[in-house]
Amino acid sequence: MQGLLHDWRRTNYANQCTAEIAGSDVTVMGWVHEIRDFGGIMFVIIRDVTGKVQITAPSKKVDAEILEQLREFRKESVVAIKGMAQEAPKAPNGVEILPKEIKVLNLANQPLPMDPTEKVKAGIDTRLDSRFLDIRKENVSAIFKIKGQMFHSIRDFFYDNGFHEINTPKLVASATEGGTELFPIIYFEKEAFLGQSPQLYKQMMMASGMDKVFEIGQIFRAEEHDTLRHLNEAVSIDAEASFMDDVDVMNILNDMLVNVITDVNNNCAEELDILGHEIEVPDKRFPVVTYDEAVEIVNAKDVEMDWGEDLSREAEKALGDQMGGFYFLTEWPTEIKPFYVMPKEGDEKYSHAFDLMYNNLELSSGATRVHQHDLLLKQIEERGLNPDGFGSYLKAFEYGMPPHAGWGVGADRLTMVLTGAENIRECVLFPRDRHRLTP
Ligand code: AMO
């Protein structure tokens with residue numbers, strides 16, 4: 001059968017084919033990136049996850065049969081080549097491979113639905129329709145390599161700081177963030193929903209004595225928004241910690257982000273370079289602006305905003321222009337924050353809720369939570385929600401719930417910050433938005 005590896009194994013990735021290995025035999029495997037045939041000499045560029053390597057086939061030095069095989073190559077086919085490395089200052093990494101044996105592992109149909117070498121630029125929809133081809137481009141895979149480093153670094157940070165990783169259900173019976181924006185599903189004979197946040201579960205875990213938990217998982221929001229920063233399926237990084245308040249968890253969030261940015265800078269220099277993006281490691285605590293101050297700043301910039309309103313896009317922009325970089329927005333009006341947010345003692349109009357912003361982009365929301373059963377019940381009722389839908393959640397507050405606080409960070413939005421992407425769809429492998437459910 002054609003196309004099997006049999007006893008062939010890769011000896012070198014493209015980035016391991018450097019001048020130091022000149023004179024040795026290697027086996028490289030990857031995709032046919034480019035074919036240049038000058039009659040007397042042929043150049044084929046092979047691409048793998050690490051970069052590119054040049055195959056050079058002069059008719060005087062290479063068997064006619066090999067040249068024939070090379071001429072049958074089609075762009076983006078998967079091939080394996082055995083040959084001898086020799087120095088070639090003009091080739092990628094200063095080395096080229098003189099082919100001795102060739103295997104075509106899988107031919108790519110032509111024409112390709114899009115060109116992964118970017119000679120012909122494709123729009124975002126064409127690219128997302130053939131995402132596997134799109135990700136073959138180094139400026140696209142760079143985003144996902146950085147996103148991977150981000151998750152790695154975040155997990156390390158949580159484990160190093162005594163957080164336990166949890167997984168909570170995504171099939172749920174009731175809303176967490178209020179009644180709207182839910183995707184209903186049929187759960188046997190009942191109606192259920194896709195989870196919009198692990199909020200209620202991470203809070204219930206505070207009553208379990210696990211002390212500090214985190215979850216990285218999907219959230220589903222049936223928002224009609226069709227913007228560059230909203231998705232209907234996103235990944236949320238959620239943290240919850242007992243015996244802590246809003247200021248404590250804001251400090252944890254600040255430390256975590258400094259850690260992530262440092263790690264990305266240290267481990268993804270090549271990817272950042274490909275993207276032409278730089279991100280400075282913040283050297284001080286993120287500045288804090290209160291909601292009242294934000295209303296003043298926004299109005300001073302001639303963007304109308306009444307006290308008690310959420311920030312509009314224009315208001316976010318005005319505030320972002322003033323603040324720049326990372327900053328916390330604190331002391332939100334209680335009435336526009338969810339029922340689980342703790343109001344300020346003696347000044348209940350204000351709450352212990354905060355958002356973390358980067359320029360004009362909201363990255364995270366968090367708060368000190370209400371841990372007293374009766375106050376929680378009152379706040380659920382005041383928001384017109386039916387306490388019956390919160391039975392198992394409320395139960396956790398009756399038998400020893402410690403004071404606690406936490407936050408949720410949008411992972412795809414954080415990736416935008418780390419990579420400089422302007423459209424959130426660039427930061428998700430297979431995005432789900434108002435119009436897209438495939439691939
Ligand atoms: P919130 O609803 O503010 O808070 O969500 C937290 C963060 O998740 C990201 N996010 C989104 N990203 C892309 N598309 C969306 N549709 C979307 N919705 C939210 C944002 C946002 O800041 N339970 C609280 C968190 C908490 O208090 O712990 C919550 O879900 O970056």
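**Entry 1: the cavity**

I started with the largest cavity, and its volume comes to about 30 Å³. I noted that this is a predicted model, where local features need pLDDT of at least 70 and side-chain atom pairs count only at pLDDT 80 or more, while totals for chains, interfaces and linings use all residues. Residues are numbered from 1 along each chain as its sequence is written, and side-chain values use heavy atoms, with hydrogens and water left out.

For my own reference, the search runs on a 1 Å grid over the protein atoms alone: a cavity is a set of points where a 1.4 Å probe fits but cannot get out, a pocket is an open set with protein on both sides within 12 Å along at least five of seven lines, and lining residues have an atom within 4 Å of a point. Points are joined across faces, edges and corners, and a volume is the space filled by probe spheres set on them.

I found one cavity of 30 Å³ or more in the structure. Its lining is made by Pro169, Lys170, Val172, Gly195, Gln196, Ser197, Pro198, Gln218 and Ile219. I sorted these into four nonpolar, four polar and one charged (Ala, Val, Leu, Ile, Met, Phe, Trp, Tyr, Cys and Pro count as nonpolar, Asp, Glu, Lys and Arg as charged, the others, Gly among them, as polar).

Next I looked up the second largest pocket, with a volume of about 700 Å³. It has 25 lining residues, and Asp48, Val49, Gly51, Glu138 and Ser141 are the closest to its centre. Strand 1 (25–37), strand 2 (41–48), strand 3 (51–58), helix 4 (138–160) and helix 7 (269–275) each give two or more residues to that lining; helix 4 gives the most, with five. (Helices, H or I of at least four residues, and strands, E of at least two, are DSSP runs numbered from the N terminus.) By class I have seven nonpolar, eight polar and 10 charged residues in this lining.

I then checked the domains, whose bounds come from an automatic or database assignment. Domain 1 (14–106) and domain 2 (133–427) both contribute to the lining of this pocket, so the pocket lies between them. Their C-alpha centres are 48 Å apart.

**Entry 2: a helix pair**

Last, I took helix 8 (residues 291–300) and helix 9 (residues 313–323), which pack at about 95 degrees with axes 9 Å apart. (Axes are lines fitted to C-alpha atoms, for helices over the stretch in contact; angles run from 0 to 180 degrees between N-to-C directions.)
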